[in-house]
Amino acid sequence: MILESLGIVYALLGAACAVFLAGAGSALGVGIAGQAASGVVSEDPSKFAKVLIMQLLPGTQGIYGLLVGFITLSKIGIIGGGAVEISPSTGLLILAACLPIGIVGLISGKSQGKTAAAAIGIVAKKPDQFGKAMLFPAMVETYAILALLISILAVSGIQV
Amino acid sequence: MNDLEYTYAVARIRSLEASLLTDSVIDQLVNCQSEKQCLELLSEKGWGDHETGLDASAMLKREEEKTWEVIREVAPDLSVFDVLSYSKVYHNLKAAIKEVCTEVQSENIFYDDCAIPGSEMLGIVENKEFGRLPDNMAAVAQEAYDTLLHTRDGQLCDVIVDRAALDAIYEAGRNSKDEIIRNYAESTVAIADIKIAVRCQKTGKSLDFIRRALADCESVSAEQLAKAALAGSEAIGEYLSGTAYAEGAQALEESPSAFERWCDNRMMDTIRPQKYNAFSVGPLVAYQLARENEIKTVRIILTGKQNEFPDEAIRERVREMYV
């Protein structure tokens, strides 16, 4: 009986990993960028809008994690009712499918925060270079999107 | 300390860097017709405040204060900056010892923007409470005090305190985890050694005296420099040409002011990479040094204008700016 219910536990663990790890990455990233943004705004409040956009860039990983979490929960029937029976092996497959966005979200969130903080330095000195400055942290986003894609494809492709 | 702790401070410094004087503004200052015009231009750039008006010395003093106010506000750990004010603290010690031993009171001989301000230092020396000084300073203070009292040799007292200051700076640099502090300490001590060697050579000091005055550091050998100083100015240039200060030797041949200028420009070259560093204490230290360099340059220009020096004479003393 316990072995049978492990499937849903693994699947839920997968959803939790996606939300928790990617969310933590975003929290770290937005925190780092937020410190830099505060530094600039304390000297020049007119740059508030520009640095706010920069600060928000590392926030997307948390949203990606949330999205994968939702898809997983609805797939196993925890959202929308009609919970399905999941074998332990299927549960583990769902857990594995959730890991890309969880792990990449954590690492890329923090890295993007540091890049955003550095890019905020560009905005501080040369506000007219905002477009170019935004591209640097946006590059980090690519890898979070790739991980999101794989997680969504994998979770959707698993038959329950 | 984790470099990420400096994220807020560095971003704030980045904003402030935008208001540092550029080489073109310095050029404008040199081209001004009079000191008043210079002060008006500086005032437009935000120098001084409503209290200082167009008073040159008050404006420069206020700018020095503003820099430390910013650093004190943003730096998570102020102890990193102690090394920058060592020369001021040791100067205060020297001035206090001389004032107490000679019983001659002079005005404006102390620095107040450092760890031990003038009045406190004077109190310590007057009451011979050398134990209140930091460990590495107490013994030196006692030695310099006794030397001046017994020999009345002010120069010897200076040598003892100045050497201790250089040793303290070098030691702080060696113990620092921050590369910029290590570089600052190494450059400061090496350049001070070169200046001492040149002066000793010109005044014909003995080898023992030179050895006592020179502090050890990595980039310059105190022993070889002392021997070169004894041999003559050409020997100093020859020795320096084999070190990292080869360009400085050329500047020395040109004139003492060209050498001073080269020293400051070299320091700016050393700290310039910090403009691209988004974390760590480096950009804060670089900003502090850049402001000192900027204020020194403006002081040179204003003094030149006050004394109606030709623009060219001022221009050859003007330092390169950080930004």
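Select chain A and follow it from the N terminus: its elements run α-α-α-α-α. In this predicted model, chain A therefore presents five helices and zero strands. Along its principal axes, the C-alpha trace of chain A spans about 65 × 25 × 20 Å. Of the 160 residues in chain A, 49% count as buried. Consider next the contacts in chain A between residues at least 6 apart in sequence: 85% of these join residues at least 24 apart.

**Helix α4 of chain A**

Now select residues 88–125 of chain A, which form helix α4.

**Where the two chains meet**

Display chain B together with chain A. The contact takes 15 residues from chain A and 12 residues from chain B. Colour the chain B side of this contact by class: there are seven nonpolar, two polar and three charged residues.

**The nonpolar cores**

In soluble globular proteins, nonpolar side chains tend to be buried together. Here, the largest nonpolar core has 104 residues. Select A:I120, B:I169 and B:A197, which have the most contacts inside this core. Which helix gives the most to the core? It is helix α9 of chain B (residues 179–203), with 12 residues. Apart from this core lies another, of 26 residues; A:C17, A:I94, A:I101 and A:A147 are among them.

Return to B:A197 and show its neighbours, leaving out residues up to four places away in sequence. B:A197 touches B:I210, B:L214, B:L225, B:A226, B:A228, B:A229 and B:I236.

**The domains of chain B**

Finally, colour chain B by its domain assignment: domain 1 (1–77 + 281–323), domain 2 (80–175) and domain 3 (179–271). The C-alpha centres of domain 2 and domain 3 of chain B lie 23 Å apart. How many residues of each are in contact with the other? In chain B, 10 residues of domain 2 are in contact with 12 residues of domain 3. The domain 2 side of this contact in chain B has seven nonpolar, one polar and two charged residues.

How values were computed
Residues numbered from 1 in each chain as written. Chains lettered and ligands numbered in written order. Predicted model: local features only at pLDDT ≥ 70, side-chain atom pairs only at ≥ 80, totals over all residues. Helix = DSSP H or I, 4+ residues; strand = E, 2+ residues; numbered from the N terminus. Expected span 1.5 Å × (residues − 1). Contact = placed C-beta atoms within 7 Å. Nonpolar A, V, L, I, M, F, W, Y, C, P; charged D, E, K, R; others polar. Core = buried A, V, L, I, M, F, W, Y, C linked by C-beta atoms within 7 Å. Buried ≥ 20, exposed ≤ 12 C-beta atoms within 10 Å, placed from the backbone. Domains from an automatic or database assignment.
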